[in-house]
Amino acid sequence: MTHIAPADLGDIPQLTALEEQSFSCDRISRRQFRYLMTKANSIVVKAEHNGMLTGYMVLLRRKTSRKLRIYSIGVTPSARNQGIARTMITYAEEMATKNNCCKLTLEVCEHNSAAVQLYKNTGFHQYGLKKNYYEDGCTALLLQKNLVPKDTIL
Ligand SMILES: CC(C)(COP(=O)(O)OP(=O)(O)OC[C@H]1O[C@@H](n2cnc3c(N)ncnc32)[C@H](O)[C@@H]1OP(=O)(O)O)[C@@H](O)C(=O)NCCC(=O)NCCS
């Protein structure tokens, strides 16, 4: 069973190792993880399976916006295709609803077929794109998912 919990500074070495396994460019550095956990208006969570860190997700909030952005998500290669990312997306939806946000947003490289499929299968739709968005020149697809905010649930 996958358990989602807030990540803390002690998790940073494993998180940066997971970044290296997951991305060839635009990786979150050790320093950026520290900033995200201590200073930014963000939520950093880890997925644990049998006590092992198997995934993470970074959510970014903005005070003036009712959108919650999935800034990054990754799953350890040996733990993929077991529903861990799907569980984290569900968690992001719960966080958005709790924070009275009405949308989840994210960017994904158009060539990242696993991630594009993940978002398609979890109800995201494309509303735009940004050419040359990533360090390697890849185009980003801009995706979003509309949610029902807490204050409108009867
Ligand atoms: C993309 C990623 C996060 C998916 O994690 P995961 O835990 O393996 O995904 P899940 O097992 O939760 O799969 C969720 C859905 O996505 C689909 N999916 C996941 N990987 C897939 C793949 N390689 N090919 C096709 N579909 C895939 C699954 O079919 C599943 O759909 P379903 O539940 O309707 O069957 C993982 O491959 C990863 O960490 N990749 C490297 C980092 C990355 O690209 N992050 C996204 C940046 S935007």
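This is a predicted model: local features need pLDDT of at least 70, side-chain atom pairs count only at pLDDT 80 or more; totals for chains, interfaces and linings use all residues.
How many other C-beta atoms lie within 10 Å in the case of Tyr 71?

**Figure 1. The whole chain.** The chain contains four helices and seven strands. Read along the sequence, these elements follow the order β-α-α-β-β-β-α-β-α-β-β. The C-alpha trace spans about 40 × 35 × 30 Å along its principal axes. The radius of gyration is 15 Å, which agrees with the value near 15 Å for a compact globule of 154 residues. Of the 154 residues, 28% count as buried. Among contacts with a separation of 6 or more, 57% are made by residues 24 or more positions apart.

**Figure 2. The shell around the ligand.** The ligand is surrounded by 19 residues. Arg 80, Ala 85, Arg 86, Ala 114 and Gln 117 are the closest of these. Three elements, β4 (67-75), α3 (84-98) and α4 (113-121), each contribute at least two residues to the shell. The most comes from α4, which gives six residues. Sorted by class, the shell has eight nonpolar, nine polar and two charged residues.

**Figure 3. The largest nonpolar core.** This core has 35 residues. Tyr 56, Met 57, Met 88 and Ala 92 are the members with the most contacts inside the core. At least two residues each are supplied by α1, α2, β2 (42-49), β3, β4, α3, β5 (103-109) and β7 (140-146). The largest share, six residues, belongs to α3. Which residues does Met 57 touch, not counting residues up to four places away in sequence? They are Val 45, Ile 70, Ser 72, Ile 73, Met 88 and Ala 92. Two of these partners, Met 88 and Ala 92, are also listed among the residues with the most contacts inside the core.

**Figure 4. Tyr 71 in strand β4.** Tyr 71 lies in strand β4, an element that also supplies at least two residues of the shell around the ligand. The residue has 18 other C-beta atoms within 10 Å and is therefore partly exposed. Leaving aside neighbours within four places in sequence, Tyr 71 is in contact with Val 58, Leu 59 and Leu 60. Tyr 71 and Leu 106 are 35 residues apart in sequence, yet their C-alpha atoms are 6.4 Å apart in space.

**Figure 5. Helix α1 and its two faces.** Helix α1 covers residues 12-22, and Ile 12, Leu 15 and Leu 18 in this helix are buried. Seen down the helix axis, the buried residues of α1 fall within an arc of 120°, so they line one face of the helix. The face turned away from the buried side carries the exposed residues Pro 13, Ala 17, Glu 20 and Gln 21. What covers the buried residues of α1 includes α2 (30-38), β3 (52-60) and β4.

**Figure 6. Arg 34 in helix α2.** Arg 34 is placed in helix α2. Is Arg 34 buried or partly exposed? Arg 34 counts as partly exposed, with 13 C-beta neighbours inside 10 Å. Apart from neighbours within four places in sequence, Arg 34 is in contact with Leu 9 and Ile 12. Ile 12 is one of the buried residues of α1.

**Figure 7. The loop between α1 and α2.** Phe 23 has its place in this loop. With 16 other C-beta atoms within 10 Å, Phe 23 is partly exposed. The C-alpha atoms of Phe 23 and Gly 74 are separated by 8.8 Å, although the two residues are 51 apart along the chain. Asp 26 is found in the loop between α1 and α2 as well. Asp 26 is not a glycine, but its phi is positive, at about 55°. Asp 26 counts as partly exposed, having 13 C-beta neighbours inside 10 Å.

**Figure 8. Asn 132 in the loop between β6 and β7.** Asn 132 is found in the loop that runs between β6 (125-130) and β7. The phi of Asn 132 is near 55°, a positive value in a residue other than glycine. Asn 132 counts as exposed, with 10 C-beta neighbours inside 10 Å.

Conventions. Residues are numbered from 1 along each chain as its sequence is written. A residue is near a molecule or strand if its C-beta atom, placed from the backbone, lies within 6 Å of it. Ala, Val, Leu, Ile, Met, Phe, Trp, Tyr, Cys and Pro count as nonpolar, Asp, Glu, Lys and Arg as charged, and the others, Gly among them, as polar. The radius of gyration is taken over C-alpha atoms; the globule rule is 2.2 Å times the number of residues to the power 0.38. A residue is buried if 20 or more other C-beta atoms lie within 10 Å of its own, exposed if 12 or fewer, and partly exposed in between; C-beta atoms are placed from the backbone. Two residues are in contact if their C-beta atoms, placed from the backbone, lie within 7 Å. The arc is that of the directions from the helix axis to the C-beta atoms. A nonpolar core is a set of buried Ala, Val, Leu, Ile, Met, Phe, Trp, Tyr and Cys residues joined through C-beta atoms within 7 Å.
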